[in-house]
Amino acid sequence: MYDIAEFILRGVQLIKPEQVEKMVNELENFYANNRNGKVLVMGAGRSGLVGRAFAMRLLHLGYNAYVLGETIAPAIGEKDIAIAISGSGRTRLIQTAAEAAKEAKATLIAITSYADSPIGKIADIVVEVPGRTKYSQNEDYFARQILGITEPLAPLGTLFEDTTQLFLDGIVAELMIRLKKSEEDLRQVHANIEL
């Protein structure tokens, strides 16, 4: 745990403030000017779980937030935002979804360790979050998972996913300040019927 926490603390120092500012500004402006618009969060595997947690907080903040693959995810279009989370920036399912979002003229935000990846190259905004120490020989997430390919320190993309989870929690905290939302405001939107 100390090693992973140490990696995250070092990784946070490598995240580029100008990239973060672009993402936060986009979300803030979207909230102010396009309240009826949709935010679609996309990620596969554990990145998808991180994305689901972020989408839930966006919902609590007052966004119309959805998760790719859910039956209630609507069509997105020109005034919407798609957020693609992929450590490698090459996860085929997310790459295909990101390409579809761009074709629909949505603003694409990519959260990846590789700005020069296929998803990074087509994104309107890229936030580079450290995590992967190298590309695996097999770059497809599902293929790596099936083959049991792991990386040093933690398996698969754990370092990316852990760092991204904390990064996105920080984005939520910043949006709370900018949107003047209190914890009570979020609690009012939080589910009151839970499993």
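Modeller: Helices (DSSP runs of H or I, at least four residues) and strands (runs of E, at least two) are numbered from the N terminus. This is a predicted model, so residues are numbered from 1 along each chain as its sequence is written, and local features need pLDDT of at least 70, side-chain atom pairs count only at pLDDT 80 or more, and totals for chains, interfaces and linings use all residues. Side-chain values use heavy atoms, with hydrogens and water left out.

The largest pocket holds about 290 Å³ of space. (A pocket is an open set of points on a 1 Å grid over the protein atoms alone, where a 1.4 Å probe fits, with protein on both sides within 12 Å along at least five of seven lines; lining residues have an atom within 4 Å of a point. Points are joined across faces, edges and corners, and the volume is the space filled by probe spheres set on them.) Its lining is made of Arg52, Ala53, Ala55, Met56, Leu59, Ala65, Tyr66, Val67, Glu70, Thr71 and Ile72. Two elements, H3 and E2, each give two or more residues to this lining. The biggest share comes from H3, which supplies 5 residues. On the chain, you will find helix H3 at residues 45-61 and strand E2 at residues 64-67.

Tyr63 is buried, with 3% relative accessibility (buried is under 20% relative accessible area, exposed over 50%, partly exposed in between, with a 1.4 Å probe and protein chains only). A search of the whole structure turns up 2 aromatic pairs. In one of them, the ring centres of Phe30 and Tyr63 are 6.3 Å apart and the planes meet at 10°, so this pair is stacked (ring centres of Phe, Tyr or Trp, the latter by its six-membered ring, within 6.5 Å; planes under 30 degrees apart are stacked, over 60 edge-to-face, the rest tilted). Together with Tyr31, Phe30 and Tyr63 make up one aromatic cluster.

Stepping back, the protein has 8 helices and 5 strands. Their order from the N terminus is α-α-β-α-β-β-α-β-α-β-α-α-α. Of its 195 residues, 46% count as buried.

Thr91, between strand E3 (81-85) and H4, is buried at 6% relative accessibility. Its C-alpha atom is separated by 9.2 Å from that of Pro118, 27 residues away along the chain. Lys105 lies in the loop between helix H4 (92-103) and strand E4 (107-112). Lys105 is exposed, with a relative accessible area of 54%, and has a positive phi of about 70° although it is not a glycine. Most residues other than glycine have a negative phi. Lys180, in the loop between helix H7 (158-178) and helix H8 (183-189), also has a positive phi, about 55°. Lys180 is exposed, with 72% relative accessible area.
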